[in-house]
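The exercises below concern contacts between side chains and the surroundings in which they occur. Work through each task before reading its solution.

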Amino acid sequence: MRGSFKLGRIAGIEIGVHYTWLLAFFLIAWSLAQGFFPQQYPGWTVTTYWITGAISAILLFVSVLLHELAHSMVATARGMRVQGITLFIFGGVSNIETEPEKPGVEFLMSVVGPLTSLVLAGVFWAIQQAVADRSSPPAALLYYLMLINALLAAFNIIPGFPLDGGRVLRSIIWGATGSLTKATNVAATTGRIFGWALIAYGFFTLLSGNFLNGIWIAFIGWFLSSAADSSRQEVTMQQHLSGMRVNEVMNTAPECVNQNATVESLVRESFIQHGLRAAPICVDGQLTGIVTLTDVRKIPQENWSQTSVSAVMTRSPLYTVKQDDDLNTAVKLLAQHGLNQVPVLDDKRLVGLLSRADVIRFLQLSRELGMKPKATPPGKMGA
Ligand SMILES: [Zn+2]
C-alpha cells in the first residue's frame, strides 16, 4: 500500500503501517479516554483515562494484526505467496499474491480471521474474570478488548465481499456452482447492500444526536460498498488479464529518446506526433530514465528549448518490467507505485512501454469482441 512504513517481519510476513492508522490510533485513544472509559468507569484521573486509552488502542492494533496473521499463515501453509500485512484506518489487509484455486482453501483462509478474533474475545474475557477489582483500569482494558474483538469477529463475518464473511459466502457459492464469476458477483452485491444499510444506519444514528458515531458508521458503510465495487472490478480485470504476458498489450512503438535531446523536441515528437504521454530516455541504447507529462509541466515553456530531457527525467526509482512478465503482476506494480506507465525490457534492451491506458484499451476491446479470459486470477484479502 502506498504511504505506509514497515514495522518488521513475523513468521516471514512483512508488517506495514499506513499513515492513516496513526489517525485511527489517535481517534480511538481519544474516544476511549474522553468517552467510553469515563462513562463506564467514573472516578479515575485524566492521566489514567489517557494511558488506558492509548494501551487499548495499541492492543486493538495487536488484535487486528493477529486476525490478519491468521489469514496470511493459512495462505502461506497452502502454498500461496503473501506479500505482507498493512494496517490502516479501517483495520488490516493481507496482500496475498495468488488467489486460492479451490473453494475449500478460500473458505478456510477466510474463516480463520473472524475465528481468531472470537478466540481473542474469549481469552480477554477469561483473563478479565480473574481480575478481582472489576472497576480497575486493567479490568476495564480487558473488557474493552473482549468487546472490540467480538465486534471485529461480528463485523468481518458479514457476508459481503470483500469482508471475510463475503469470501466465505463466495467460496460456498463457488463450490456449489463451480463459477467464480457468479460467486464473486453475488458476494459483492451483498457487500454493497450491507454497505448501504450501514450508511443509512449511520445517518439515522447521526440524526438521533450521536454525531460522531453516526459519521463513523456511515463512513465504514461507504468504505464497504466502494470496496465491494472495486473488488468486483478487480476480480473481473484479473480474470481477463490472467495467463497474459506484458508484451501482449504493451505499446511497441516508443523509441528511446537520447538524454541530450531538448524538452522542446521531446514534446513535439514524442508527445504530440506520436501521441505518447511518457518517453523512455536512453544513452547508447541503455535505458537511463523516463520523462512524463508531469515532469515536463515543472519546466516553464520558454525554457523547453534550452533544457535537456536528462534534467527533468526520473532516474530512480526507475521501475521496469520484462516483456514476458505476468500482466497481472505488472498491473499491480503500476497500482502499488502510482505509476501511469513502465518501460518494458528484454534483457537490458528497451522493447516497449506498458501503460494503464494500454491495459484499459485491451479490456475494452476484449469486452467488445466478447473475448474469453485465459486462466484464473491472483488477489487480495480484505480486513
Ligand atoms: Zn479478516
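For what follows, a residue is called buried when its relative accessible area is under 20%, and partly exposed between that value and 50%. The model is predicted.

**Exercise 1.** Determine which salt bridges E106 forms, and decide whether E106 is buried or exposed.

*Solution.* Begin with accessibility: E106 has a relative accessibility of 0%, so this residue counts as buried. Next, look for partners: R167 forms a salt bridge with E106, with 2.6 Å between the closest N and O atoms. Because E106 belongs to helix α3 (residues 103-130) and R167 to helix α5 (residues 164-177), this pair ties together parts 61 residues apart in sequence. A salt bridge also joins the side chains of E106 and R170, at 3.0 Å from N to O, and this pair again links helix α3 to helix α5, across 64 residues. Both arginines are then checked in turn: R167 is buried at 3%, and R170 is buried at 0%. Taken together, E106, R167 and R170 are linked in a network of salt bridges.

**Exercise 2.** Locate the disulfide and state which parts of the chain it ties together.

*Solution.* C256 sits in the loop between α7 (211-241) and β5 (257-258), while C282 is in strand β6 (residues 278-283), so the connected parts are 26 residues apart in sequence. As for accessibility, C256 is partly exposed at 31%, whereas C282 is buried at 4%.

Conventions:
Residues are numbered from 1 along each chain as its sequence is written. This is a predicted model: local features need pLDDT of at least 70, side-chain atom pairs count only at pLDDT 80 or more; totals for chains, interfaces and linings use all residues. Side-chain values use heavy atoms; hydrogens and water are left out. Helices (H or I, at least four residues) and strands (E, at least two) are DSSP runs, numbered from the N terminus. Buried means under 20% relative accessible area, exposed over 50%, partly exposed in between (1.4 Å probe, protein chains only). A salt bridge is a side-chain nitrogen of Lys or Arg within 4 Å of a carboxyl oxygen of Asp or Glu.
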